Protein chains: 2
Amino acid sequence: MAGVSRTTVSLVLNNVRSIQISPETRQKVLDAANELGYVPDATAQALARRRTKLIGLVLTRTQHHIATDAFLPRIISGLLTSAKKQNVRILVDWMETEHPDSAYFELARAKRIDGMILSTPRLDDRALKALEKVDVPTVLMGKIDGLNLPFIDVDNLKAAEKATAYMLELGHRAIACISSAPREYTATPERVGGYQNALTKAGIPINENLIRYADFDPKSGYDCMQSLLQSGESFTAVFVASDNVAIGAKAALREANLRVPDDISLVGFDDIPWAQYSDPPLTTIKLPAELLAQSACELLLDLIQDGNAGQSHQMVLDTELIIRKSCKPL
Amino acid sequence: MAGVSRTTVSLVLNNVRSIQISPETRQKVLDAANELGYVPDATAQALARRRTKLIGLVLTRTQHHIATDAFLPRIISGLLTSAKKQNVRILVDWMETEHPDSAYFELARAKRIDGMILSTPRLDDRALKALEKVDVPTVLMGKIDGLNLPFIDVDNLKAAEKATAYMLELGHRAIACISSAPREYTATPERVGGYQNALTKAGIPINENLIRYADFDPKSGYDCMQSLLQSGESFTAVFVASDNVAIGAKAALREANLRVPDDISLVGFDDIPWAQYSDPPLTTIKLPAELLAQSACELLLDLIQDGNAGQSHQMVLDTELIIRKSCKPL
DNA sequence: ACTCCTTACTAACGCGTGTTACTAAAACGT
DNA sequence: ACGTTTTAGTAACACGCGTTAGTAAGGAGT
């Protein structure tokens, strides 16, 4: 070093205001640090400060569903920009759903991260209840009613209702629904519920045979659509609650020689990059993914800083129906 | 604790073999740890062991290109499985290309990570040369000729040649090429080079006017295809060096009332999930993304453990041409 | 009875930083 | 001239673990 104590260096580099350092020594320290190319050891800082400056993004899905998720890049992108702005880094982890309760805590208990964002939580996940009582700042990306955890989500119900209402306006009456994921995932009942609400408001009875539950990926969409086509039920429009699933659903329609929108109208959900370039361009619900991720990140950092300071940190974002060319008046 | 020293606990929990512990005390320690729900503090371990058990995935792209990258999920999925197997975690970071040389080192210098994987490196990146001399285990996902850094990549040249040769076999002679990314990215010259090789071997002169450089996302593919169509050049087939770019390219063809494969044959690259469900199913080069990521991870962990133990850690994986229905004999 | 080895454990230090309590010197006030 | 405050800096401890060197107890050998 250059002529000063370790403590002084720490005080200068961290710009501690509650203490006085003469401008000259301050400059001497800065010069020395610069010349030596000194970078504080992040691990040691974390140990001393009891903050790792790391937040975890925990994906509650199988490996295969992560690999085929066309939505994930937007979440990561949003998270990265928001994190960089706040000088925090992102740790990605993944959890097979079969794991026991303790799985969520591996990261947190070891204090590897300061807090975490849980993507696509499941309703049947018992560990979530435990999270309420444990002191790990957590933000859910997905609303769960029973729990009192902070969450951020879009208004899935309203969005699905909007999408379905649009097809109703065009005169469709026999409208099928393919959900984005199995029932256990929180968005599923909301989106299917919104679809059902719209039908009910239009005085149309709900036909359970027109509802299918996909499993995130295009293949499941393909299977669901085939199942619908083979069910014998007739329909002129389909609400597919995930663009990624719609990719497969459209393939099934094509194989059955049905054309979009001439034979079947289609509305998707998410507005992944593919949607506007598909044939025909897909009418879909635009989900503000980057904003969602950024808000989740900021919410989490608030929680980490202020503790759980009173107010319930829960946000619901709005969505927009993007009308393209996959629907046609009946 | 339950009747024993801190040292003994450490020895038991880490299963240190070079030292003797009686089975009874061992069990006592394990029982106590279990009851207390003791989890070692990861930060403190990292400080003492000088290993963070974290590896960085550094993306050299803009925020927008990350958000629209249909290929990223497969990389992350592969990395996650491989990392979990080795009890290591993944830190995702991102770097705008304009940053100065030091940018790569922020993570490494602060010893936040044990090593890093660099995705889609750029040829013009001067910082890479600095990496050679710095003691940070690094694996490049993408081959760079001048450097002596460990890398893992697919044989882009051979793959592109294979794709182009396939169209030549079908009788096409006027074959255009849309690259996946700007020239600065390492895969670009290789893939375009493979395309040119195939033409040359078939005795066809290379027409520079039939080559376009896209920029990762569907929109750039759309623009490139439009540019080709408006150039006045005539062609019957196109090699698009990225499925993600092909999404947009197909949209441009459709708008020009050209049909695939009747009017234009198309071969893609990557085999993203969308490819097999597109209309028509896209013939493409299947890139083993998960394997690529896993190999990169294992390579990196080897480097971290053994230091740079002699042998040049460089791997080139093979690809496969998946023939679907987007090409037609001329 | 003494040395020598083995077994089973622990004291003490180090990892690289943040932070608190304290001190020495200088400046100030009467 | 003396007490009091301010200024500028540092020593020492803490963070929670890994690890090395060392020790006490017990057994074996002569």
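This is a predicted model: local features need pLDDT of at least 70, side-chain atom pairs count only at pLDDT 80 or more; totals for chains, interfaces and linings use all residues.
Residues are numbered from 1 along each chain as its sequence is written, chains are lettered from A in the order in which they are written, and side-chain values use heavy atoms, without hydrogens and water.

Chain A contains 12 helices and 12 strands, taken as DSSP runs (helices H or I, at least four residues; strands E, at least two) and numbered from the N terminus. Along the principal axes, the C-alpha atoms of chain A fill a box of roughly 85 × 40 × 35 Å. Of the 330 residues in chain A, 56% are buried (buried: under 20% relative accessible area; exposed: over 50%; partly exposed: in between; 1.4 Å probe, protein chains only). The accessible surface of chain A, about 14600 Å², belongs for 48% to carbon and sulfur atoms; areas come from the Shrake-Rupley method with a 1.4 Å probe. Of the contacts in chain A (heavy atoms within 4.5 Å) between residues at least 6 apart in sequence, 73% join residues at least 24 apart.

Chain A is superposed on chain B by a rotation of 180° with 0.1 Å of shift along its axis, at an RMSD of 0.1 Å. This is the relation of a two-fold axis. The superposition is by least squares on the C-alpha atoms of residues with pLDDT of at least 70 in both copies. The residue of chain A that comes closest to the rotation axis is L91(A), with its C-alpha at 2.2 Å. The copies meet through the same surface, because 100% of the interface residues of chain A are also interface residues in chain B.

Over all chains, 6 aromatic pairs are found (ring centres of Phe, Tyr or the six-membered ring of Trp within 6.5 Å; planes under 30 degrees apart stacked, over 60 edge-to-face, the rest tilted). One of them is the tilted pair of Y277(A) and Y222(B), 5.9 Å centre to centre with 50° between the planes. This pair joins two chains, because Y277(A) lies in the loop between strand 9 (265-270) and strand 10 (283-286) of chain A and Y222(B) in helix 10 (residues 218-230) of chain B. Y277(A) is buried at 12% relative accessibility, as is Y222(B) at 16%. Y185(B) and F216(B) form an edge-to-face pair, with ring centres 5.0 Å apart and planes at 80°. These two residues are 31 residues apart in the chain, and both are buried.
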